[in-house]
Amino acid sequence: MSDHATDILDTISTRKAQGEPFALATVVRTIAAKAGAKAVILADGTMSEGWIGGGCARAAVLKAAREALADGKPRLLSVQPPDALQDQGIPAGEEHGGVRFAKNMCPSEGSMDIFVEPVLPRPQIVICGGSPVAVAIADLGRRIGFDVTVCAPAAEQAAFGEVERRIEGYALPVMEAGARFVVVSTQGRGDEAALQAALAVDADYVAFVGSRKKADALKVALRERGVAPERLAMLKAPAGLDLGAITPEEIAVSIIAEIVAGRRGRQRREIRAT
């Protein structure tokens with residue numbers, strides 16, 4: 001393996017371990033560059049490592065990478081000289097048979113097909129509180145492929161087994177890469193503080209484990225604290241699908257099921273829309 005190939009594989013491994021989103025562009029067929037050439041493209045459009053045939057195809061590849069990172073879907077890009085596109089009757093920018101065609105601004109460079117694949121962090125469940133339901137959600141969430149972050153006072157952290165990250169208290173990062181699902185299961189111990197923190201972050205789902213009556217009372221209190229109505233409208237309470245769940249483990253199943261249904265349902269709607 002060449003030093004270049006080793007370097008880019010090291011870059012891919014390091015960025016995946018750090019949970020940093022990026023796109024991997026791979027030349028799959030080419031006249032202008034070596035097939036198999038790869039480049040790592042960051043969310044800000046920076047090509048941090050690798051090479052895919054020079055500047056003639058760069059703009060089209062970076063555009064495809066930004067779009068792939070935005071919607072999580074890979075792209076197959078065919079970059080061709082203007083006369084080759086004209087011969088096929090295909091305008092630049094159109095997509096046919098799952099392939100997007102782009103104009104190579106350096107005709108002497110010929111044609112190349114590039115597969116652009118988004119590499120995104122695993123979806124994350126953030127659990128606020130150390131209740132039995134919270135512990136059950138953490139256990140089940142990890143087993144089905146979520147990264148788990150536990151936010152709880154130090155005295156409650158010992159109730160949890162192995163998780164990806166622990167935060168003492170409820171100081172959640174406001175923005176993070178990847179899908180994030182927040183569940184507040186404090187059971188009377190810091191409900192308002194945990195909910196206020198949860199509703200302040202960028203998340204795909206925020207839910208409260210408790211009765212609707214209790215959630216309504218907490219919404220009133222949070223509104224008085226200055227939490228915006230549009231943020232309060234994000235709150236799902238009570239958390240979970242109505243499965244008739246009783247035990248902590250059953251409640252955890254209903255909440256994880258609701259998260260999966262929302263996540264996969266959105267993906268199916270996006271696929272149908274394309």
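Predicted model: local features only at pLDDT ≥ 70, side-chain atom pairs only at ≥ 80, totals over all residues.
To start with the overall build, the protein has nine helices and 13 strands. Its radius of gyration is 23 Å, whereas a compact globule of 274 residues would come in near 19 Å. Along the principal axes, the C-alpha atoms fill a box of roughly 70 × 40 × 35 Å. Of the contacts with a separation of 6 or more, 58% link residues 24 or more positions apart.

Next comes the sheet. Seven strands make up an open sheet with mixed pairing, running in the order E3-E2-E1-E7-E4-E6-E5. Strand E3 (47–50) and strand E5 (95–96) sit at the edges, each pairing on one side only. Helix H2 (residues 58–71) packs on this sheet and touches E1, E2, E3, E4, E6 and E7, with its direction at about 170° to that of E4. Strand E4 (residues 75–80) is paired with strand E7 (residues 112–119) in the antiparallel sense, over five bridges. Within that pairing, Ser78 has Asp113 in E7 as its bridge partner.

Finally, there is Ser185, found in the loop between strand E11 (180–184) and helix H6 (191–199). Ser185 has a relative accessible area of 0%, so it counts as buried. Leaving out residues up to four places away in sequence, Ser185 touches Cys128, Gly129, Gly130, Ser131, Val133, Ala134 and Val209. With one of these, Ser131, the contact is also polar: the two side chains meet at 2.6 Å.

Methods:
Residues numbered from 1 in each chain as written. Heavy atoms only, no water. Helix = DSSP H or I, 4+ residues; strand = E, 2+ residues; numbered from the N terminus. Buried < 20%, exposed > 50% of the residue type's maximum accessible area, 1.4 Å probe, protein only. Polar contact = N/O pair within 3.5 Å; in protein donor to acceptor, adjacent residues only side chain to side chain. Contact = heavy atoms within 4.5 Å. Pairing = 2+ DSSP bridges. Axes fitted to C-alpha atoms, helices over the stretch in contact; angles between N-to-C directions. Rg over C-alpha atoms; globule rule 2.2 N^0.38 Å.
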